[in-house]
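The report below describes how parts of one protein model pack against each other. Please read it alongside the sequence and the coordinates.

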Amino acid sequence: MPDIKVKLDATEAVAKIKAYQAGKVKALEKLITETGFRIHRLAVKPPIPVDTARLKSSIHPVFYGGGSHKYTDDTGRAFDGSLSEKPSTPLEVIVGTNVEYAFDVESRVPFLNPAFQKAKAEFDNKVSKMFKK
């Protein structure tokens with residue numbers, strides 16, 4: 001006698017979820033890149049003090065797999081601006097400088113932390129909207 005049965009297979013649903021997740025991860029990677037450049041743009045705007053432009057020129061984003069950062073100041077002197085820490089995934093970005101007097105300048109005229117706070121708020125807002133869709 002033949003069986004009477006029904007079968008529910010979630011394989012297709014899992015494939016759709018994986019595709020959805022992959023799309024969101026790619027969108028987040030793009031957003032991380034945009035935000036890294038946004039932090040950079042905000043950090044190098046006034047009120048950052050400029051004498052030789054060494055500090056301003058040294059600030060840069062580092063993305064996953066990124067390399068060194070070479071730059072020159074207004075007098076033409078060349079520097080290696082590579083940061084000691086590198087992102088460990090495509091979902092990270094690090095924006096900073098290795099200029100020795102940056103801590104002193106940041107304590108007197110904050111430039112990097114306010115840029116980060118503003119860009120992070122924008123990032124969080126975009127992430128919220130991304131997952132409401």
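## Packing in the predicted model

Tyr71 touches Arg54, Ser57, Ser58, Arg77, Ala78, Phe79, Asp80, Gly81, Asn98 and Val99 once residues up to four places away in sequence are set aside, where contact means heavy atoms within 4.5 Å. Tyr71 sits in strand β2, residues 70–72, and with a relative accessible area of 6% Tyr71 is buried. Between the C-alpha atoms of Tyr71 and Val95, which are 24 residues apart in sequence, there are 15 Å in space.

This is a predicted model, in which local features need pLDDT of at least 70 and side-chain atom pairs count only at pLDDT 80 or more, while totals for chains, interfaces and linings use all residues. Residues are numbered from 1 along each chain as its sequence is written, and side-chain values use heavy atoms, with hydrogens and water left out. Helices (H or I, at least four residues) and strands (E, at least two) are DSSP runs, numbered from the N terminus.

Helix α1 (residues 11–43) packs against helix α4 (residues 112–132) at an angle of about 155°, and their axes are 9 Å apart. That makes α1 roughly antiparallel to α4, a class that covers angles over 145 degrees; axes here are lines fitted to C-alpha atoms, for helices over the stretch in contact, and angles run from 0 to 180 degrees between N-to-C directions. The crossing of α1 past α4 is right-handed, meaning that the near helix is turned clockwise from the far one by less than a right angle. Among the residues that make the contact are Leu31, Ile32, Ile39 and Ala43 of α1 and Ala115, Val127 and Met130 of α4. By class, this contact has 16 nonpolar, one polar and five charged residues, where Ala, Val, Leu, Ile, Met, Phe, Trp, Tyr, Cys and Pro count as nonpolar, Asp, Glu, Lys and Arg as charged, and the others, Gly among them, as polar.

The largest nonpolar core has 16 residues, and those with the most contacts inside it are Ile39, Ala43, Ile48, Leu55, Ile59, Phe111 and Ala115. A nonpolar core is a set of buried Ala, Val, Leu, Ile, Met, Phe, Trp, Tyr and Cys residues joined through side-chain atoms within 4.5 Å. At least two residues of this core come from each of α1, α3 (102–108) and α4, and α1 gives the most, with three residues. Apart from this core lies another, of six residues, including Leu31, Ile32, Val127 and Met130.

Leaving aside neighbours within four places in sequence, Phe111 is in contact with Ala43, Ile48, Leu55, Ile59, Ala102, Val105 and Glu106. Ala115, which is in helix α4, touches Ile39, Leu42 and Ala43 when residues up to four places away in sequence are not counted.

The table lists the accessibility of selected residues; buried means under 20% relative accessible area, exposed over 50%, and partly exposed in between (1.4 Å probe, protein chains only).

| Residue | Relative accessible area | Class |
|---|---|---|
| Ala53 | 9% | buried |
| Pro90 | 36% | partly exposed |
| Ala115 | 5% | buried |

Ala53 is in the loop between α1 and α2 (54–58), and its phi is near 70°, a positive value in a residue other than glycine. Pro90 lies in the loop between β3 (78–80) and β4 (93–96) and touches Glu29, Ile32 and Tyr64, not counting residues up to four places away in sequence.

Methods. Angles under 35 degrees count as roughly parallel, over 145 as roughly antiparallel, 65 to 115 as roughly perpendicular and the rest as oblique.
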